[in-house]
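Try each one yourself before reading its solution.

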Amino acid sequence: FRLKLMAEGELKDMEQFFDDLSDSFSGTEPEVHKTSVVGLFLRHMILAYNKLSFSQVYKLYTALQQYFQKDEKENGADENEMELTSPEELDGKMEKEELDGPLREEEIACSGPLSQKQAEYFLSQQASLLKNDETKALAPASLQKELNNLLKFNPDFAEAHYLSYLNSLRVQDVFSSTHSLLHYFDRLILTGAESKSNGDEGYGRSLRYAALNLAALHCRFGHYQQAELALQEAIRIAQESNDHVCLQHCLSWLYILEQKIFDSCVLLEHSVNKSLHFGLPYLASLGIQSLVQQRAFAGKAANKLMDALKDSDLLHWKHSLSELIDISIAQKTAIWRLYGRSTMALQQAQTLLSMNSLEAVNVGVQQNNTESFAVVLCHLAELHAEQGYFAAASEILKHLKERFPPNSQHAQLWMLFDQKIQFERAMNDGRYHVADSLVAGITALNSIEGVYRKAIVLKAQNQMSEAHKLLQKLLIHCQKIKNTEMVISVLLSIAELYWRSSCHTIALPVLLQALALAREYSLQYLASETVLNLAFSQVALNILHMAIEPVLAHGAVLDKGCAMFLVAKCQVASAASYTPQKKTEALESAILNLNEAKTYFAKVDCKEQLRDVLYFQARLFHTLGKTQERNKCAMLFRQLHQELPAHGVPLINAFK
């Protein structure tokens with residue numbers, strides 16, 4: 001009755017209700033004791049009401065009216081239904097609805113005004129899902145709608161603004177994420193949430209961490225100048241407050257910003273030492289990971305890097321830093337890939353995938369939806385594709401697409417690897433028009449990779465001058481940014497252009513430059529590939545033995561095929577000076593190696609290389625007088641040659 005009176009009356013009726021509640025505790029024999037369960041609840045409700053501003057009181061009254069009207073409508077509908085339905089049918093219907101009704105997204109989302117506890121639960125649930133399993137969280141648009149409803153009822157709800165910031169980051173919305181982040185810290189200061197726990201220092205703490213988070217946000221979106229300004233502000237406030245923890249975070253971000261301009265190991269080493277001194281293992285470990293990464297690019301020995309990572313792993317296990325354990329294993333996977341040790345990279349990837357997270361998550365929530373797992377799965381897909389297991393690679397990429405939807409923050413990783421795998425398959429199959437169409441997608445995700453692959457397509461289409469111009473521009477750019485791995489790849493492609501144009505003497509210095517860089521930076525696989533190119537240009541079997549083992553042990557199937565094809569060529573070239581009997585044995589050995597090369601090329605469906613192998617085999621069988629085998633190879637060659645015309649280019653004119 002009182003609820004109806006308030007809902008159908010005016011705002012003063014609700015005010016009177018709370019005044020009457022306060023009176024119920026007064027007198028010698030109060031209606032409700034203050035320490036009873038009901039008394040504690042009523043006192044809590046009165047205190048919460050007294051803290052409301054005028055606008056919030058009005059919103060509370062409006063929500064009360066809506067609740068009462070909605071309840072009246074539902075009761076009226078239930079009464080009409082009960083008049084037409086027997087009690088037995090009604091019980092059966094209710095039981096069926098309760099047991100069989102599936103949960104809908106609308107039921108997961110919050111509908112209408114929520115209590116403080118309900119709102120906090122909703123926010124914590126969605127934040128946890130965004131961290132652990134983004135696919136089970138509400139869609140970005142739906143979540144933003146619910147957050148807007150919460151903020152409409154309570155604009156000063158700081159946590160809702162922060163979740164809005166995280167939600168905007170999912171869709172890479174710079175404006176909305178910046179707006180929500182600033183509102184979060186504004187509300188944090190206005191509501192005094194920080195000052196209650198930290199005294200007057202709380203206001204300054206919010207300001208400096210607001211500036212630090214803003215710097216991190218700008219850095220994430222590539223706005224380095226704005227990030228530097230925000231970081232300077234955070235450092236200034238932290239120094240004034242003598243906050244060493246905040247200063248260490250600032251120092252870590254300062255290294256990231258300086259790294260975009262020049263290499264600065266000094267800042268990072270100082271950050272690691274200070275973090276350990278102030279008892280910040282998480283920050284210290286991240287610093288060690290960054291140092292290892294930087295020194296890997298600088299060409300440090302793998303054993304020293306692995307020792308450093310082992311030391312950081314001790315920190316992780318000691319402090320149960322699950323996320324950093326994952327990052328460390330992903331880092332090892334990437335380092336072994338960089339050094340060309342695919343077997344070791346595969347082992348590390350499998351180690352991470354078979355691990356269980358140390359963090360407790362709800363049942364049904366997928367664990368480990370982090371960047372580390374995205375990186376490892378992408379490497380795993382590429383490793384399978386390199387070995388010719390394209391179906392397995394497609395399954396891994398399919399899993400990545402489900403686990404990291406296109407609108408998630410780590411989706412660009414698998415998008416790039418997916419495009420690269422498709423590009424390699426198209427090039428192997430001789431479908432250069434398809435490969436050319438994929439270049440735009442690769443360039444959008446990684447400009448350097450895109451330009452390099454455009455040059456490869458031009459080279460395959462025999463547009464030598466255009467490919468050379470593009471590779472020269474890319475070489476200058478990569479030397480400037482110190483991307484040594486790409487510099488070596490570009491030098492190898494330039495050398496190939498030279499010997500395709502019959503300029504072997506010009507190609508030789510380029511290859512020697514690539515070999516010197518590969519050895520200086522401990523890039524063993526690229527060094528082996530460079531030696532194979534040198535062996536091709538010299539047709540020297542003694543040079544070839546220096547590099548064949550790493551390629552066969554860790555190389556891609558295509559590279560293994562090219563290596564065996566080159567062995568056969570060198571054997572034939574060396575056989576020219578042999579006695580007739582030894583020459584026959586050498587040619588037969590070359591044919592066996594060509595069969596092995598043919599198996600490798602067939603595995604990755606590389607038709608151009610298969611055509612060259614068949615041509616070479618036919619010539620060798622003709623020399624040995626094996627007419628039937630020669631005719632068989634000639635027939636298969638003719639079929640492939642009609643499918644893949646040579647465009648007037650001499651056959652067998654390149655290593656790859």
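Helix axes here are lines fitted to C-alpha atoms over the stretch in contact, and their angles run from 0 to 180 degrees between N-to-C directions. Keep in mind that this is a predicted model.

**Exercise 1.** Describe how helix α18 and helix α20 pack against each other.

*Solution.* Two packed helices are described by the angle between their axes and the distance between the axes.
- Step 1: the axes of α18 (residues 322–338) and α20 (residues 371–386) come within 9 Å and cross at roughly 30°.
- Step 2: angles under 35 degrees count as roughly parallel, so α18 is roughly parallel to α20.
- Step 3: the crossing of α18 and α20 is left-handed.
- Step 4: look for the residues that touch. On α18 they are Asp 326, Ile 327, Ala 330, Thr 333, Ala 334 and Arg 337, and on α20 they are Ser 372, Phe 373, Val 376, His 379, Glu 382, Leu 383 and Glu 386.
- Step 5: sorted by type, this contact of α18 with α20 has 6 nonpolar, 3 polar and 4 charged residues.

**Exercise 2.** Classify the ring pair of Tyr 162 and Tyr 165, then that of Phe 565 and Phe 616.

*Solution.* A search of the whole structure finds 8 aromatic pairs.
- Step 1: the rings of Tyr 162 and Tyr 165 have centres 5.3 Å apart and planes at 50°, so the pair is tilted.
- Step 2: these two tyrosines sit 3 residues apart in helix α9 (residues 158–170), about one helical turn. Tyr 162 is partly exposed at 31% relative accessible area, while Tyr 165 is buried at 8%.
- Step 3: for Phe 565 and Phe 616, the centres are 6.0 Å apart and the planes at 70°, so this pair is edge-to-face.
- Step 4: Phe 565 belongs to helix α31 and Phe 616 to helix α33, so the pair ties together parts 51 residues apart in sequence. Both Phe 565 and Phe 616 are buried.

Conventions
Residues are numbered from 1 along each chain as its sequence is written. This is a predicted model: local features need pLDDT of at least 70, side-chain atom pairs count only at pLDDT 80 or more; totals for chains, interfaces and linings use all residues. Side-chain values use heavy atoms; hydrogens and water are left out. Helices (H or I, at least four residues) and strands (E, at least two) are DSSP runs, numbered from the N terminus. Angles under 35 degrees count as roughly parallel, over 145 as roughly antiparallel, 65 to 115 as roughly perpendicular and the rest as oblique. A crossing is left-handed if the near helix is turned anticlockwise from the far one by less than a right angle, and right-handed if clockwise. Contact means heavy atoms within 4.5 Å. Ala, Val, Leu, Ile, Met, Phe, Trp, Tyr, Cys and Pro count as nonpolar, Asp, Glu, Lys and Arg as charged, and the others, Gly among them, as polar. Rings of Phe, Tyr and Trp (its six-membered ring) pair if their centres lie within 6.5 Å; planes under 30 degrees apart count as stacked, over 60 as edge-to-face and the rest as tilted. Buried means under 20% relative accessible area, exposed over 50%, partly exposed in between (1.4 Å probe, protein chains only).
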